[in-house]
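Biologist: I have a model open on my screen and would like to walk through it with you. Could you take my questions one at a time?

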Amino acid sequence: MKTIKTEIKWGVIFTLAALLWMVLEKSLGWHDEHIAKHPLYTNVFAVVAILIFVFALKEKRDKDLNGKMSWVKGFITGVIISLFVALLSPLAQYLTHNYISPEYFNNAIAHGISLGNNKVDMEAYFNFNNYVVMSVISALAMGILTSAIVAFFLKKK
């Protein structure tokens, strides 16, 4: 693979989509008055994430690889995108928790306590540093898994 412009582009698109998703979650009240719905509804973003990987790998195959792509090339493309998403995820977390939804952690902690969870445990889980670590790990893990699956379906000889 001669260039990674496509991978960088789609890593940025993924990050922007995730930030827009945070705006949507906030506007629907999933970070405050409807926070009980957040753990379930936030997973709908998986559909968006998968579609982004499909569009990215299709573009890579059709524009950069002359319409041909092996599973390995598709997988590597997805892994590179995942690396860029992981690199951008601390910035996305910063923007989310400082500008989009600064009260999210306090609301999540309060909700967890209302369900009978220990305050210390809730504070250990719902904080910026933990979310940065989780976002980097999940970007890599879910990105690599998604890449493997999408590359299988988009390979073309």
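Predicted model: local features only at pLDDT ≥ 70, side-chain atom pairs only at ≥ 80, totals over all residues.

Modeller: Happy to; we will go from the whole chain to its helices, its cores and its surface.

Biologist: What percentage of the residues in the protein chain is buried?

Modeller: A residue is called buried when its relative accessible area is under 20%. The chain has 157 residues, and the buried share of them is 38%.

Biologist: Among contacts between residues at least 6 apart in sequence, what percentage joins residues at least 24 apart?

Modeller: A contact here needs heavy atoms within 4.5 Å. Among the contacts with a separation of at least 6, those joining residues at least 24 apart come to 75%.

Biologist: Let's turn to α3. How far apart are its end C-alpha atoms, and what span should its residues give?

Modeller: Helix α3 covers residues 45–64, which is 20 residues. The expected span is 1.5 Å times one less than the number of residues, so α3 should span 28 Å. Its end C-alpha atoms agree with that, being apart by 27 Å.

Biologist: Which helices do the buried residues of α3 pack against?

Modeller: The buried residues of α3 include Phe-45, Ala-49, Ile-52, Phe-53, Ala-56 and Leu-57, but also Glu-59, Lys-60 and Arg-61. In an α-helix, residues three or four places apart point the same way, because there are 3.6 residues a turn. The partners of the buried residues in α3 are α1 (5–27), α4 (71–100) and α7 (128–154).

Biologist: And what covers the buried residues of α1?

Modeller: α1 has 23 residues and reaches 33 Å between its first and last C-alpha atoms, close to the 33 Å expected. Its buried residues include Trp-10, Phe-14, Leu-19, Trp-21 and Met-22, along with Glu-7 and Glu-25. Their cover includes α2 (38–41), α3 and α4.

Biologist: Which residues touch the most other members of the largest nonpolar core?

Modeller: Nonpolar side chains tend to be buried together in soluble globular proteins. The largest core here has 24 residues, and those that touch the most other members are Phe-14, Phe-45, Phe-53, Leu-57 and Ile-81. At least two residues of this core come from each of α1, α3, α4 and α7. There is also a second, separate core of eight residues, including Ile-35, Ala-108, Ile-109 and Phe-126.

Biologist: Last one: which helix gives the most to the nonpolar patch on the surface?

Modeller: The patch consists of Trp-71, Val-72, Ile-76, Met-142, Leu-145, Ile-149, Phe-152 and Phe-153, with about 800 Å² of accessible area together. α4 and α7 each supply at least two of its residues, and Met-142 is found in α7. With five residues, the top contributor is α7.

How values were computed:
Residues numbered from 1 in each chain as written. Heavy atoms only, no water. Helix = DSSP H or I, 4+ residues; strand = E, 2+ residues; numbered from the N terminus. Buried < 20%, exposed > 50% of the residue type's maximum accessible area, 1.4 Å probe, protein only. Patch = residues over 30% accessible without salt bridge, like charges linked within 9 Å, V, L, I, M, F, W, Y side chains within 5 Å. Areas by Shrake-Rupley, 256 points an atom, 1.4 Å probe, with all protein chains shown as cover. Salt bridge = Lys/Arg side-chain N within 4 Å of Asp/Glu carboxyl O. Core = buried A, V, L, I, M, F, W, Y, C linked by side-chain atoms within 4.5 Å.
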